[in-house]
Amino acid sequence: MNERADAGFSPAWREWRAGVDLDEYETRWDRLAAGGQHVHGEAEFIAALAPSSVLDAGCGMGRVGIELARRSIDVAGVDLDADLLERARRRAPCLEWIECDLADVAISRVFDVVALAGNVLPFVAVDRRAAVVANCARHLAPGGRLVMGAGLRPGWPTVAELDDWCGGAGLRLVERYAGWLREPWSDTGRANYAVSVHARRPPVVGETRLRPLRLAAGTTRVLRLGDEELLKQAE
Ligand SMILES: C[S@@+](CC[C@H](N)C(=O)[O-])C[C@H]1O[C@@H](n2cnc3c(N)ncnc32)[C@H](O)[C@@H]1O
């Protein structure tokens, strides 16, 4: 990993990477799948949302994205780890794999689902997590959904933080489960995993009929419901 890429990862990711044999890691997943284990819970959850296109954000070696593509979904993958991406490219050369920090990536199209599947956010550098969520939200098509699944461990993002970052990006929570098999979520604070689905907030009622207003100070702002008095003063 080069130094620039390194800044995008959390210390936990650097630690995991330093101790893992990627060949062994890749074959372990293949062996599990070949042995009939259920290894595609994430892909099944995402496919059930019936998207035409998915951005596999933090795709690693393409485990989730490749399975979605196999189900005829248009997939692109982004990851900052060149070694894992090389494996994704080898496993599915016809798919689009982009090496970039999720906080910075700019793809010239939008997706029905942007998925951060399998502990992506906890492995993003702490100071970039909000930016990653905001940038993922930017890549959502109208009506699109952001799907995130991760463990809830000390020092890892909490669901409250996640909802805050999403709120800042104009998204609201629409579904939450305790696992990819849609295990019921309960807010007792005892859950050790959360799968969350966020979508763009509907526009504020009346927002679309209001128009940009040049204020006395020379600035322009878009009026929202409740600003009618201001509008009358300007007329
Ligand atoms: C636990 S792996 C999950 C990989 C894949 N989603 C899966 O489920 O198999 C976490 C992934 O997040 C990626 N990642 C962490 N920080 C990132 C960042 N700032 N930008 C892009 N990818 C990042 C890592 O490189 C890694 O591939």
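## Strand pairing around β4

Two strands pair if DSSP finds at least two bridges between them. Helices (H or I, at least four residues) and strands (E, at least two) are taken as DSSP runs, numbered from the N terminus. This is a predicted model, in which local features need pLDDT of at least 70 and side-chain atom pairs count only at pLDDT 80 or more, while totals for chains, interfaces and linings use all residues. Residues are numbered from 1 along each chain as its sequence is written.

Leu-55 stands opposite Val-114 in β4. Strand β1 (residues 53-57) and β4 run parallel and are joined by 3 bridges. β4 also pairs in the parallel sense with strand β5 (residues 140-151), over 5 bridges; here Ala-115 stands opposite Val-147 in β5. A residue is buried if 20 or more other C-beta atoms lie within 10 Å of its own, exposed if 12 or fewer, and partly exposed in between, with C-beta atoms placed from the backbone. Strand β4 (residues 111-116) is largely enclosed by the rest of the structure, because 6 of its 6 residues are buried.

The secondary structure of the protein comes to 9 helices and 9 strands. Of its 235 residues, 32% count as buried. Two residues are in contact if their C-beta atoms, placed from the backbone, lie within 7 Å. Among contacts between residues at least 6 apart in sequence, 59% join residues at least 24 apart.

Leaving aside residues up to four places away in sequence, Ala-57 touches Val-78, Leu-102, Val-114, Ala-115, Leu-116, Val-120 and Cys-136.

## Ligand surroundings

The ligand is surrounded by 22 residues, of which the closest are Gly-8, Gly-58, Gly-60, Asp-81 and Gly-118; a residue is near a molecule if its C-beta atom, placed from the backbone, lies within 6 Å of it. This shell divides into 12 nonpolar, 5 polar and 5 charged residues. In that division Ala, Val, Leu, Ile, Met, Phe, Trp, Tyr, Cys and Pro count as nonpolar, Asp, Glu, Lys and Arg as charged, and the others, Gly among them, as polar.

## Helix α3

Helix α3 (residues 22-34) has 13 residues and should span 18 Å at 1.5 Å a residue, which agrees with its end C-alpha atoms being 18 Å apart. The expected span is 1.5 Å times one less than the number of residues. α3 is hardly covered, with 0 buried residues among its 13. Just after α3, Gly-36 takes a positive phi of about 85 degrees.

## Individual residues

Ala-50 has a positive phi of about 55 degrees although it is not a glycine. Ala-50 lies in the loop between α4 (41-47) and β1, and is exposed, with 9 other C-beta atoms within 10 Å. Asn-119, also other than glycine, has a positive phi near 60 degrees. Asn-119 is found in the loop between β4 and α7 (129-138) and counts as partly exposed, with 19 C-beta neighbours inside 10 Å.

Ser-196, in strand β7 (residues 193-200), counts as buried, with 22 C-beta neighbours inside 10 Å. Not counting residues up to four places away in sequence, Ser-196 touches Met-148, Val-159, Leu-162, Leu-173 and Arg-176. Ser-196 and Arg-145 are 51 residues apart in sequence and 9.8 Å apart in space, C-alpha to C-alpha.
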